Amino acid sequence: MRIWVTPSSELHPVPAGLPEIPERLRWAEDAVRAIGLIVDRPMPEDLDRVDCTEQIAMVHPDGRLDRLREGAVPWRAKIDTPECPISPTTPEAVMAAVQTTIWALRGVLVHGGPAFALVRPPGHHATPRHAMGFCYVNNVAVAAREAQRLGRTRVAILDIDVHHGNGTQDVFYEDAQVFFCSLHEDPRTQYPGTGFAAERGAGAGLGTTLNLPYANGTAGETYLRGLDDTALPALAAHRPDLLLVSAGFDTHEADPLGGFLLSGADFRRMGQGLARWVAARSIPALLVLEGGYDPLCFSDGLRPFLEGWLSLID
Ligand SMILES: [Zn+2]
């Protein structure tokens, strides 16, 4: 498992009170190093060569990068919503997160997978025309568009964050090539209020969106049964040539935002199950960090997840 971390996360500081803080990536790196894995940083000159402005424009046709730069002035200092603050250097951090994701993606497509892109700010709430939910540019959606540009015609996106990946869903709602499946907390009680089972795609993409909402208080057994018995078989039926995972760890029982009760043992089983599923199909896989807002989400979530994954394949 190749682990990449974005080099510019600290360029996106947030005001006190918001939980999507720079320390999150330190927690993630500590969890990775604790099991003996190496954390790689792409070289600045390598990231400079990752030109993904076209792919970003495909995902966000509202001129998102320009809007971000326009927001990076003291009298604005946010984009679209108060939970998306912008510091003078936030646009640079956002760009580095996308570029790190694309860098990692190109690596798995050339050398095979799997890889994990530890990036922030996260991306899965960023819709085509709005930044929201701590997300500015949809890292996973841009990666899927880049994969399509490179010839992948059957992309599967699995979103295991406790919140519905509404932005990713919106981007691919009518795209039959990209299957989007999200397991998340019931939209009636959890942000962002979308992700009902009846949301199944539209037009050519009807049937290529699968939402699996679970009640507040859901524990590992129920969650893993949904993943193993419903989500993964549906993704397999799409016959994907690439798996992208929006990997949020805010399903952990210690997370202050999420209402699920997953334990370290559950994350270990999840990592094992996903690794087995990927290995059985011999497809590349890229995991991209989304949420997780307590140190335990990483030390007792990401860490056992990776241990489970590595117990099966390298
Ligand atoms: Zn989340």
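Author: The account below begins with the basis of the values, turns to the aromatic pairs, and ends with the overall fold and some features of the backbone.

The model is predicted, so local features are given where pLDDT is at least 70 and side-chain atom pairs where pLDDT is 80 or more, whereas totals for chains, interfaces and linings use all residues. Residues are numbered from 1 along each chain as its sequence is written, and side-chain values use heavy atoms, with hydrogens and water left out.

A pair of aromatic rings is described by the distance of the centres and the angle of the planes. Rings of Phe, Tyr and Trp (for Trp, the six-membered ring) are paired if their centres lie within 6.5 Å; planes under 30 degrees apart count as stacked, over 60 as edge-to-face, and the rest as tilted. The count by this rule is 10 aromatic pairs. One of them joins F134 and Y293 in an edge-to-face arrangement, with 5.8 Å from centre to centre and 65 degrees between the planes. This pair links distant parts of the chain, 159 residues apart: F134 is in the loop between β5 (115-118) and α6 (139-149), and Y293 is in the loop between β10 (285-289) and α10 (295-310). Helices (H or I, at least four residues) and strands (E, at least two) are DSSP runs numbered from the N terminus. F134 is buried, with a relative accessible area of 13%, and Y293 is buried as well, at 9%. Here buried means under 20% relative accessible area, exposed over 50%, and partly exposed in between, with a 1.4 Å probe and protein chains only.

A further edge-to-face pair is formed by F249 and F305, with 5.6 Å between the centres and 80 degrees between the planes. F249 lies in the loop between β9 (242-247) and α9 (264-281) and F305 in helix α10, so this pair ties together parts that are 56 residues apart in sequence. Both F249 and F305 are buried. They also belong to one aromatic cluster, formed by W27, F116, F249, F267, F298, F305 and W309.

Buried residues make up 59% of the 314 residues. Of the contacts (heavy atoms within 4.5 Å) between residues at least 6 apart in sequence, 78% join residues at least 24 apart.

Several backbone features lie in loops. Most residues other than glycine have a negative phi, and most peptide bonds are trans. A cis peptide bond joins R120 and P121, with omega about 0 degrees, and P121 lies in the loop between β5 and α6, which also holds F134. The peptide bond from Y191 to P192 is likewise cis, with omega near 0 degrees; P192 is placed in the loop between β7 (178-185) and β8 (209-214).

G201 lies in that loop between β7 and β8 too, and counts as buried at 10% relative accessibility. Leaving aside residues up to four places away in sequence, G201 touches Y173, L206, G207 and T209.

D80, not a glycine, has a phi of about 70 degrees; D80 is found in the loop between β3 (78-79) and β4 (81-85) and is partly exposed, with a relative accessible area of 37%. R239 has a phi near 50 degrees, lies in the loop between α8 (220-237) and β9, and is exposed, with a relative accessible area of 57%.
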